[in-house]
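Subject: Structure handover

Hello,

The structure you asked for is below. My notes on what was found in it follow.

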Amino acid sequence: MWSCDPPPATRIVLATLVGLVASALAAPPLALGAAAAGRTLPMRTAALVAATVALLVGTARVEQFDRRVLRSGAFAGTVTVTGQPSADRALASAAGAGETVVLVAPGVALQQGAVYRVSGRLRPLDPVVRGYYATQGAHLELGAARCAMTGRRGGLWGVVDEAHRAALSGMGVGSRSPPPRALVAGVTLGDSGALPTDVRAELRTSGLYHLVAVSGENVALVTVLVLIGLGLAGVVGTPARVSAMIGTGCYVLITGAGPSIVRAGVAGLLVGVAWLISRPVMRWHLLACGAVAVLAFNPLELFDPGFQLSFAAVIAIHVVAPRLRSLFGQAAAVSIACTLVTTPIAWWHFGRIAPLSVPANLLVLPVVGPILWLGLIGSAVGIVAPALAAPLLGLADLLAAYLLRVAQMCS
C-alpha cells in the first residue's frame, strides 16, 4: 500500500525519478521538486543530490539519443538490427556512425542481431511515426536497394539473440508460421514478427494486442512456473527463490528487455530479494524502481506509448480496480480499470478506441496463462526433442486459435 510517509529508500527512488523525468522534458528546474521527497533537511539534501545526479546522467543519455551524424542521401555500409523486426522493417545501428536508423528492406526477413551489408538511401521519417522513433534515437529511414546478411553481433546481446532464436526454434516458429503458432510466440516471448498484418489489426481493434507485449503478468506466470517445477523436483525455500529470480532475469533478456518487461523484471527481482530478507513488499516502491530502471537507460522512453500504457495499466490495477471490485468482481474490475485508464492514452497516440476491449479480455483471460506455460515448456522440450514438444505446442495452438477467434469477433 502507498503510505503518506514513505521510507527513506522510496523517497530517494522518487527523487531519482524526478531527475530523470526532468532530463526527458529538458526542464532542469523541475528537478528541484525532488526536495518535496524529504521532510528533514538531511533528507531533502539527499533527495536533491539524487535528483541532480539523475538529471546529469539522463541529460547525457538524451544527448546520445539525439545525436545525429548521418544525413539524407545515398548510403552504403554495414548495419546491425538491434530492434525486434516487423516483417521487413526494424531498428538498426549503422556501423561507424553509431546512429540508429529505421531499416526497411522489402522482401527480406530481417533478424534481430543480424549484421547486413546495405546499399540504399537515407531519408527523413514519415511525420506520423517520427516522434515515436525519435524516442529510440532514430531520425532517418534507410530504404535498402540491396541487403545481404554478413553475420551476427557478438557480446552479451549476441548471447541473448542466440537464446531468443533457440526459443523460437524450439517452438517451431518461422516467418511462415500459421497465425496460432505465431501468436504463441507473441504471448510467450513478445515476438510478434510472424503475425500477419490482418491478425495484428484484429488484436489492436479488439484491445488484445497487449498480450504480445510481455509485461508483469508474464513475469508472474514465469515465476510461478519455475517455483512449481522446482517444488515438484523437491527444491524449495531459498534455492527455489534464487532460481526464480535468475529465471526472471533471463526471461527479461530473452524477450528483448522492453519497458514493460524491464519494469516487471525489476519488480520481480525486488520481490525476490524481499522474500530472501523477509521484508514487506511495497508495490509503489517497486513501480518507481521499474520506472527508474527504464528511464535511466533511455529517458525518452517517457514519451513512448508502450511505456505510458504499461505504467498506466499497473496504476489502474492498484488504484482504480479495488474501487470497482465490489461491483464487478476481481477479473472484470481489473479489465475495466485498465481499459478506462489506458484508452485515453491509446486514443492520443493511435487515434483509435477498442469498444469491446473489456469483454474480449475477459473471454481470453483463462487461456493466456496456459498458452504461456505450454509455449515455454514446449520451447524448452522442442530444443532437444521436437517430437515430445509437439503435443504441448499443439494444445497451445488450439488455445491461441480460440484467442484469435475472440479477437476477430470483437474487432
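A residue is called buried under 20% relative accessible area, exposed over 50%, and partly exposed in between (1.4 Å probe, protein chains only). By that rule tyrosine 133 is buried, with a relative accessible area of 13%, while tyrosine 132 is partly exposed at 40%.

This is a predicted model: local features need pLDDT of at least 70 and side-chain atom pairs count only at pLDDT 80 or more, whereas totals for chains, interfaces and linings use all residues. Residues are numbered from 1 along each chain as its sequence is written, and side-chain values use heavy atoms, with hydrogens and water left out.

Aromatic rings

The structure holds three aromatic pairs. Rings of Phe, Tyr and Trp (its six-membered ring) pair if their centres lie within 6.5 Å; planes under 30 degrees apart are stacked, over 60 edge-to-face, and the rest tilted. One of the pairs joins phenylalanine 65 and phenylalanine 297, edge-to-face, with 6.4 Å centre to centre and 80 degrees between the planes. Phenylalanine 65 belongs to helix H2 (residues 41–66) and phenylalanine 297 to helix H10 (residues 283–297), so this pair ties together parts that are 232 residues apart in sequence. Helices (H or I, at least four residues) and strands (E, at least two) are DSSP runs, numbered from the N terminus. Phenylalanine 65 is buried at 14% relative accessibility, but phenylalanine 297 is exposed at 57%. Tyrosine 132 and tyrosine 133 also pair: their ring centres are 5.1 Å apart and their planes at 65 degrees, so the pair is edge-to-face.

Salt bridges

There are five salt bridges in the structure, each being a side-chain nitrogen of Lys or Arg within 4 Å of a carboxyl oxygen of Asp or Glu. Glutamate 141 meets arginine 123 in one of them (2.9 Å, N to O). This pair links distant parts of the chain, with glutamate 141 in strand S5 (residues 138–152) and arginine 123 in strand S4 (residues 114–124), 18 residues apart. Glutamate 141 is buried at 11%, and arginine 123 is partly exposed at 37%. Arg89, Arg123 and Glu141 are linked in a network of salt bridges.

Another bridge joins arginine 153 and aspartate 161 (2.5 Å, N to O), both of them buried. Glutamate 162 and arginine 165 form a bridge as well (2.3 Å, N to O). These two are separated by about one helical turn, because they are three residues apart in helix H4.

Helices

Helix H7 (residues 216–232) has 17 residues and reaches 24 Å from its first C-alpha to its last, close to the 24 Å expected at 1.5 Å a residue (1.5 Å times one less than the number of residues). Its buried residues are Asn218, Val219, Leu221, Val222, Thr223 and Leu230. H7 is followed by glycine 234, whose phi is positive, near 90 degrees.

Leucine 189, in helix H5 (residues 179–189), is buried at 2% relative accessibility.

Regards
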